[in-house]
Amino acid sequence: MSWVAHDIEPYIIQKHLGRRIAFVPLLLGSYAPDMATKWFVYGVGAFGISLKADDPAQFHRGFPGVGFTHSLAFGVVVAGLIYLIWRSRIWALSFMVGQWAHALTDALDTVGTMLLFPWTHLFALGAWAYAGQTGRYTDAGAYFSGLGFVWDGVWLVWGLLSWRVLTRTYFRETIAPADPFWRKAAQFLPETALLAIYRISFFYGACRWVAWLIWAHLVRSFAFDLSWGGPKWVPALRSRDVNAAASCPCPSCCSASPKLALSVVVAAAGRLSRRRSGRR
Amino acid sequence: MPLRGERTLYALAAAVYTGLGVLVPELLFSWIEAAVLLLAVVWLLPAGLRRLR
């Protein structure tokens, strides 16, 4: 998982795509995979009741679980729904780009993501340790001691080099015209507030990057380990640890996911073909 | 608002949020709390002060 990249990436993408993309759905797409799931990974407690996934990594990245939220297909499906509901191509496309950025970024850790779901294979580059199962503070300490914080730092520096994307002029000329959200919001809020809303995620990401680094290495004493897949002091999970228990080793079940994927593709192609011939 | 004043307010908000985040890391998990703090420092407080004057 990534701690700051999901906050900053939308600004960089925005810079490169300009008015061809709308910022709000882009940001929502970037946050979407973790939005409804992360609290259950780390666990929450209230009134003596504690809620936490029995197997956080399986829940977060696997299937069974909600790992499909980190797949490219999830972005396509939600983008399709957005298009069906709001008839906005730019909103649909922006959401999909943001969600794909999240899914691809998370494929850099040791567990990875099921990018091609319904195929349940986890694509993992393994650059830094996935330690979500250890709890949020150990996870933070591990992430900000390994290559994860370097990756986030690259995005942060890239964001700072793209500072024009944060200016009032850019907001007026590029952000606001591309998305009716800002026109509607402008009926209730002054430009200063709209600009602050637009900048929140950059502010959040940049401050968090600095604060977590200080916390992990000055307040606490987590050891830096910039080795590939590190830090080695944390019990990292690997992609082989996820989806393993759920699968039956028999040949039929082993091929179930590819079969399901093939069935979906054939059904979709058949439907598309029928629709085309119906039009003729 | 002049650009310099705006920059100062953002820098103040960043310093407050980062400082509080180091002291109470729980804050760093919440996007909503960061949003409320930023809006309060760069918009609500200056607007309130202007009205009082």
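Mentor: The axes of H11(A) and helix H2 (residues 31–52) of chain B come within 9 Å and cross at roughly 130°. Axes here are lines fitted to C-alpha atoms, for helices over the stretch in contact, and angles run from 0 to 180 degrees between N-to-C directions. H11(A) and H2(B) are therefore oblique to each other (under 35 degrees is roughly parallel, over 145 roughly antiparallel, 65 to 115 roughly perpendicular, the rest oblique). The crossing of H11(A) past H2(B) is right-handed (the near helix is turned clockwise from the far one by less than a right angle).

H11(A) contributes Thr192(A), Ala193(A), Ala196(A), Ile200(A), Phe203(A), Tyr204(A) and Cys207(A). H2(B) answers with Trp31(B), Ala34(B), Ala35(B), Leu38(B), Leu39(B), Val42(B) and Trp43(B). Contact means C-beta atoms, placed from the backbone, within 7 Å. These residues divide into 13 nonpolar, one polar and no charged (Ala, Val, Leu, Ile, Met, Phe, Trp, Tyr, Cys and Pro are nonpolar; Asp, Glu, Lys and Arg charged; the others, Gly among them, polar).

Now the whole chain contact. It takes 16 residues from chain A and 17 residues from chain B. On the chain A side, H11(A) gives the largest share, 14 residues. Helices are DSSP runs of H or I, at least four residues, numbered from the N terminus.

The model is predicted: local features need pLDDT of at least 70, side-chain atom pairs count only at pLDDT 80 or more, and totals for chains, interfaces and linings use all residues. Residues are numbered from 1 along each chain as its sequence is written, with chains lettered from A and ligands numbered from 1 in the order in which they are written.

Conventions:
Contact = placed C-beta atoms within 7 Å. Helix = DSSP H or I, 4+ residues; strand = E, 2+ residues; numbered from the N terminus.
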